[in-house]
Amino acid sequence: MAMPRTVSYLPYLFNKRAEFGVTKSILNKNSGVNEPHFVKQFSLHVYPQKRTLDMQYRALGTNYQNAITLVVRHTHRINDQLEVKYDGEKYRIINISSDDSANYQTYDFLTLQRIDGESGLNG
């Protein structure tokens, strides 16, 4: 039985890096106040997936309207509790489309939503 064909991406497309981690409260020694800081756990090369016009129209009025999609090589380290620092912005993972098939090269699609303000909520 033949393995199903999967989409293959050229290595040069993964030319950006994203940091994956969590936000922890760390004591500011100068003020004595706990402040939230992003603590990096690992980083990966990513490919920012472009949306087609059809995809943009379908996303209007949904949680995915202002979301971005990053493609990464498949890894079990990614979960929806992590935050992502990408291109100078901080994002939360709202969807993981993971390919854990037995194929040689598989990819995960991460749908991210930017975290606005100090509360971490999107308005």
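Hi everyone. Before we start, when I say that two residues touch, I mean they have heavy atoms within 4.5 Å. And please keep in mind that this is a predicted model.

Let's begin with threonine 69, which lies in strand 3, residues 68-73. Which residues does threonine 69 touch, leaving out those up to four places away in sequence? They are Tyr47, Pro48 and Gln49, along with Phe109, Leu110 and Thr111. Threonine 69 counts as buried because its relative accessibility is 16%, and the cut-off for buried is under 20%.

Now the overall picture. The chain has 1 helix and 6 strands, and along the sequence they follow the pattern β-β-α-β-β-β-β. Of the 123 residues, 28% are buried. If you take the contacts with a separation of 6 or more, 58% of them come from residues 24 or more positions apart. The accessible surface is about 8800 Å², and carbon and sulfur atoms make up 49% of that.

On to the cores. The largest nonpolar core has 15 residues, and the ones with the most contacts inside it are Ala18, Phe20, Ile78, Val84, Tyr86 and Leu112. Several elements give two or more residues to this core, including strand 1 (16-27), strand 4 (83-86) and strand 6 (107-114). Strand 2 gives the most, with 3 residues. As for phenylalanine 20, its contacts beyond four places in sequence include Phe38, Phe42, Leu44, Ile78, Val84 and Leu110.

The whole structure has 7 aromatic pairs. One of them joins tyrosine 9 and tyrosine 47; the pair is tilted, with 5.5 Å centre to centre and 50° between the planes. Tyrosine 9 sits in the segment before strand 1 and tyrosine 47 in strand 2, so this pair ties together parts that are 38 residues apart in sequence. Both are buried: tyrosine 9 has 13% relative accessibility, and tyrosine 47 has 17%.

Phenylalanine 14 and tyrosine 107 make a stacked pair, at 5.9 Å centre to centre and 15° between the planes. Here the parts tied together are 93 residues apart in sequence, because phenylalanine 14 is in the segment before strand 1 and tyrosine 107 is in strand 6. Phenylalanine 14 and tyrosine 107 are both buried. Together, Tyr9, Phe14, Tyr47, Tyr107 and Phe109 form one aromatic cluster.

Conventions:
Residues numbered from 1 in each chain as written. Predicted model: local features only at pLDDT ≥ 70, side-chain atom pairs only at ≥ 80, totals over all residues. Heavy atoms only, no water. Helix = DSSP H or I, 4+ residues; strand = E, 2+ residues; numbered from the N terminus. Buried < 20%, exposed > 50% of the residue type's maximum accessible area, 1.4 Å probe, protein only. Core = buried A, V, L, I, M, F, W, Y, C linked by side-chain atoms within 4.5 Å. Areas by Shrake-Rupley, 256 points an atom, 1.4 Å probe, with all protein chains shown as cover. Phe/Tyr/Trp six-rings, centres within 6.5 Å; stacked < 30°, edge-to-face > 60°.
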